[in-house]
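Hi,

Here is the structure for you to look over. My notes follow below it.

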Amino acid sequence: MGDISTKQTAEAQVLSSIRAASAKNHSATHLLHAALREVLGDAVTQKGSLVSSEVLRFDFAYDKPVSAAEIMRVERLVNEQIQANTPARIEHMSIDEAMSQGAMALFGEKYGSDVRVLTMGTDRIVDGQRKPFSIELCGGLHVQRTGDIGVLKITSESGIAAGIRRVEAVTGMNAVKNIQQSEQQLSELASQLKVKRPEVAQRVRTMADKQRDLEKQLERLQQKNRQCSSSQFA
Ligand SMILES: [Zn+2]
């Protein structure tokens, strides 16, 4: 198989786009971890993560549900870092040097004396010290700049065990696809309810109120009906 056929080239391209999509999700996972800690506090510790070319999943220790407003803040923070388009820096250093720079390591994981440190995002001052948005030990494949991630959309947040939460998200074109699907669903709802999109929630509330009223009326009528029929036979 010494010849290069057209088919082989096509396969190589598919592979590299899958690798690129995985790299986006992987780098985004690090930004997500940092954003979760910023919004929910240092109690957030990584319990596991799964990265594919399609989705990213991040499990962490946290003992209460995360509110919709908190999720929105996390999502905004990550996207701010994506927009800032800072380079993802990879450096090799001793584990002690990495720790002194505030790099996060996975608890219980064994590391050699030399480690690979990934730094991403804009610098900020934490306890009087300059610290990058995200600094973690990692041996994986990453984007060159945060802007390569494109956009991050959190698709779900749930509890998976006592004290363990799971966030799932998509990036790049998968995020665009997800946003378009949600837009389509909202448009369909608006058209079914015959209102403009921003009025959907109000319309649903009005319908629920109306239904409650009707149910009460029906109950009263049924009660009256029972009274009537029992007096007929009295
Ligand atoms: Zn990593």
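How are the donor residues of the zinc ion spaced in sequence? The pattern is H-x3-H-x107-C. Donors here are N, O and S atoms within 2.8 Å of the metal (3.2 Å for Na, K and Ca); water is not among the atoms, so sites may look incomplete.

Before the rest, the ground rules. This is a predicted model: local features need pLDDT of at least 70, side-chain atom pairs count only at pLDDT 80 or more, and totals for chains, interfaces and linings use all residues. Residues are numbered from 1 along each chain as its sequence is written, and side-chain values use heavy atoms, with hydrogens and water left out.

Zinc site. His26 (NE2), His30 (NE2) and Cys138 (SG) coordinate the zinc ion at 2.0 to 2.2 Å. His26 sits in helix H1 (residues 6-40) and Cys138 in the loop between strand S5 (129-137) and strand S6 (152-161), so the pair ties together parts 112 residues apart in sequence. Helices (H or I, at least four residues) and strands (E, at least two) are DSSP runs, numbered from the N terminus. His26 is buried at 18% relative accessible area. Cys138 is buried too, at 13%. Buried means under 20% relative accessible area, exposed over 50%, partly exposed in between (1.4 Å probe, protein chains only).

Arg166. This residue belongs to strand S7 (residues 164-171). With 18% relative accessibility, Arg166 counts as buried. Its side chain makes a polar contact with the side chain of Asp59, at 2.7 Å. A polar contact is a pair of N or O atoms within 3.5 Å; within protein, one must be able to donate a hydrogen and the other to accept it, and residues adjacent in sequence count only if both atoms are side-chain atoms. Leaving aside neighbours within four places in sequence, Arg166 also has contacts (heavy atoms within 4.5 Å) that include Arg57, Phe58, Ser156 and Glu157.

Helix H2. Residues 68-84 form this helix of 17 residues. Its buried residues include Ile71, Val74, Glu75, Val78 and Ile82. In an α-helix, with 3.6 residues a turn, residues three or four places apart point the same way. Just after H2, Asn85 takes a positive phi of about 50°.

Domains. The assignment, automatic or from a database, gives domain 1 (16-189) and domain 2 (197-232). Their C-alpha centres lie 48 Å apart.

Best wishes

Terms used. Expected span 1.5 Å × (residues − 1).
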